[in-house]
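Thanks for making time this morning. I would like to walk you through one model step by step, and please keep the view open while I talk.

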Amino acid sequence: MTADLTVLTVFAEQTNVNGDAENALVLTARARWAGFSAQRVDWRLGDPVPKGRPDVVVVGSATDPVLPALLDALRPAATTLRRWRDAGTRILAIGTGWELLGQTIHLDGQTLEGLALLPGRAVAGSGRVTDDLVVDSPFGRLVGFENHLRDVVLPAGSVPLGRVVYGRGNGSDDRAEGLVDDTVIATHLHGPVLAKNPALADDLLSQVLGAGYTARTAPAELVDETARAARSVIATRLGLSATDVA
Amino acid sequence: MAFAPAILIGRLVRVAARLRKRGGGSAVPGLVVNRLAPRFLSATLAGFPQGLVIVSGSSGKSTTTKMLVAVLEAHGLRVFTNPSTANISQGLTSALLERVDLRGRILADIAVLEMDEGHGALIAPQLAPRVVVLTNVMTDQIDRFHDSEKVAGMLGTIASRATGSLVINADDAMLLELAAHRAPGTVIAPYGVSQGVLAANPRGLGYAQTAATRLAQRDGTVVTEVDGRSARLSIAGGEHPITLPARGTHYAVDAAAALAGARAVLGADFDAERATTSISAVAPVFGRGEIVTVRDQQVEFVLVQNPASYQLNVDSLEKGLDQLFFAMGSDVRDPSYFWPVDSSSLGRVAVVSGSKADELALQLRYRGVEVGAVDHDLAHAIDTFLALPAPRTGIKTVIFTADSMRRTRAHLGLV
């Protein structure tokens, strides 16, 4: 791949119902604003996995009825995805996209095997949650929206993305939300999570592009000011502060 | 006379509601009557000599209903219909209360009702519609419906009640699937677009799943050509030109749905010439491409209902418009699902407003659209926009979601 940044979206025709795949747009736009070349590659359902290791893979949420078909389509590429991750590719996995790459999924009374690329078992929760989700994390207070049926159980020792301030998150007693490690950000914050919370995007881009990456560009400052206002409106509606007080 | 007390009480409530708030309170009488007399709605809807027609689907309901009513009236039928703002059960009951006599009867030959998918599925089991017209299944209101499969399920519940014909969009794979499981004896009346029309819309027509093949002209009502506000339709093998209420292939599809529905209702009495002439005379529904004179200037109003209609409407706008207003309100619980829409062709939006203004501005800016001002106060924002100089290209255009549409109409005194 010739660009400084290559972002691969996986089956966006099914995993973009909440706009999750558009995080690729956020990453490529921010990289270009900082002077880097960037491209988005779409891996379409039915096609072989694209050649060349991407810098970031985005797997968004699909609706439950299509999950078995997506698992079948992903399975032959499991080795490739694992090799990419081990070679430094970052993965952003959102909602049922995380469940697909995780260990198991409880679906319609059955337990399906995930790709086991990421930790996390998606288990029956206490009913669908569809609401705002606010999380305090090392990247500051993250604000977004969650819409999921299942909870996620993390293996002991996993590091969540943050702690739930408002919402359900992973559904665990310790109010954990998401998962983060050197290679992965997994979360229930769906849709344009990187646009609304640019600190996450910038952390990812700095890791891929190195010290040459900067968010101090005029276009990035304009969208980040807009994002700050958007987070503030949501937090205020929920009676919260828009910034992490800790 | 069983419903007379409930009807009287409902009317009193209506008078009281209107005294309290002029033009308001339209759902409250329905709410009261539905509580006092739960069978009023189904009993009244069963009382039309030529039966009941239900129009439902993710989008295009209002325009299709309006067109179908126009065609049936042109054929001499007296039609009872509901305003598009009253498509949920209490609104339907309120609309019936407006016209019903104390015996629970309405002086009309047939009822043609637009129904919200969710509410329609809830009340459908009490109804026996002669004809059900389904427009499409789109990814819509995810926080309420979760996924398009659920929407298809609700439409399936409504469709299963059809006693005569099920009128379906043959380009929508989920509706085709649903038609395959219809009640025995129900006749399928399909409509759709030609391969050429589909090819002219490279992003598709917004359906959650588009069918692999197109409907043959001999098998139904087919849109064969769309050019701006002009379209051609093939009806029973004959070609007919029509004029659409506004630009866009989706309005031609609405016309095909209405014509197929009218054929199902009228049978041998259907006159294609009369039908297409009456459809061509239909004015746009407010917010569906309607042009209104406001404060001495022409303004076009465009309603965005879901990602598909957002994309279709953006794509059908005249190119190079330089005075655009865009408001997204509280009806959009979470704007995330609008992010896949490529709004870049808007170029510049002068004023962004509504309670979701910042999230909308964020999407627009990432799509490379310049945003002039973000103003949360919708009334103030509209005033600012209308005070801007006349555009260089076209006319001022207001794009909004349902909640912002209602507030804008109220602010501008548009009824």
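This is a predicted model: local features need pLDDT of at least 70, side-chain atom pairs count only at pLDDT 80 or more; totals for chains, interfaces and linings use all residues.

Staying with chain B as a whole, its secondary structure comes to 16 helices and 15 strands, and its C-alpha trace spans about 60 × 55 × 40 Å along the principal axes. Why can we speak of a compact globule here? For 415 residues a compact globule would have a radius of gyration near 22 Å, and chain B, with 21 Å, agrees with that. Of those 415 residues, 54% count as buried, and if we take the contacts in chain B with a separation of 6 or more, 73% of them are between residues 24 or more positions apart.

Now to where the two chains meet: the contact takes 26 residues from chain A and 18 residues from chain B. On the chain B side, helix H7 (142-145) and helix H14 (357-366) each supply at least two residues, and the largest share, six residues, comes from H14(B). Sorted by class, that side of chain B has eight nonpolar, seven charged and three polar residues.

Turning to chain A, an unreviewed UniProt entry lists residues 52-197 as "domain: CobB/CobQ-like glutamine amidotransferase". Over that stretch the chain is 42% strand and 18% helix, with the end C-alpha atoms 29 Å apart. The UniProt record, again unreviewed, also places the feature "active site" at A:His190, a residue that sits in the loop between strand E12 (184-187) and helix H6 (193-196) of chain A.

Is A:His190 buried or exposed? A:His190 is buried, because 27 other C-beta atoms lie within 10 Å, where 20 or more are needed. Leaving out residues up to four places away in sequence, A:His190 touches several residues of chain A, including A:Asn18, A:Asp20, A:Ser61, A:Gly144 and A:Glu146, and it also touches B:Ser336 from the other chain.

Key
Residues are numbered from 1 along each chain as its sequence is written. Chains are lettered from A and ligands numbered from 1 in the order in which they are written. Two residues are in contact if their C-beta atoms, placed from the backbone, lie within 7 Å. Helices (H or I, at least four residues) and strands (E, at least two) are DSSP runs, numbered from the N terminus. Ala, Val, Leu, Ile, Met, Phe, Trp, Tyr, Cys and Pro count as nonpolar, Asp, Glu, Lys and Arg as charged, and the others, Gly among them, as polar. UniProt positions are given in the numbering used here, feature names are shortened, and annotations may be inferred rather than shown by experiment. A residue is buried if 20 or more other C-beta atoms lie within 10 Å of its own, exposed if 12 or fewer, and partly exposed in between; C-beta atoms are placed from the backbone. The radius of gyration is taken over C-alpha atoms; the globule rule is 2.2 Å times the number of residues to the power 0.38.
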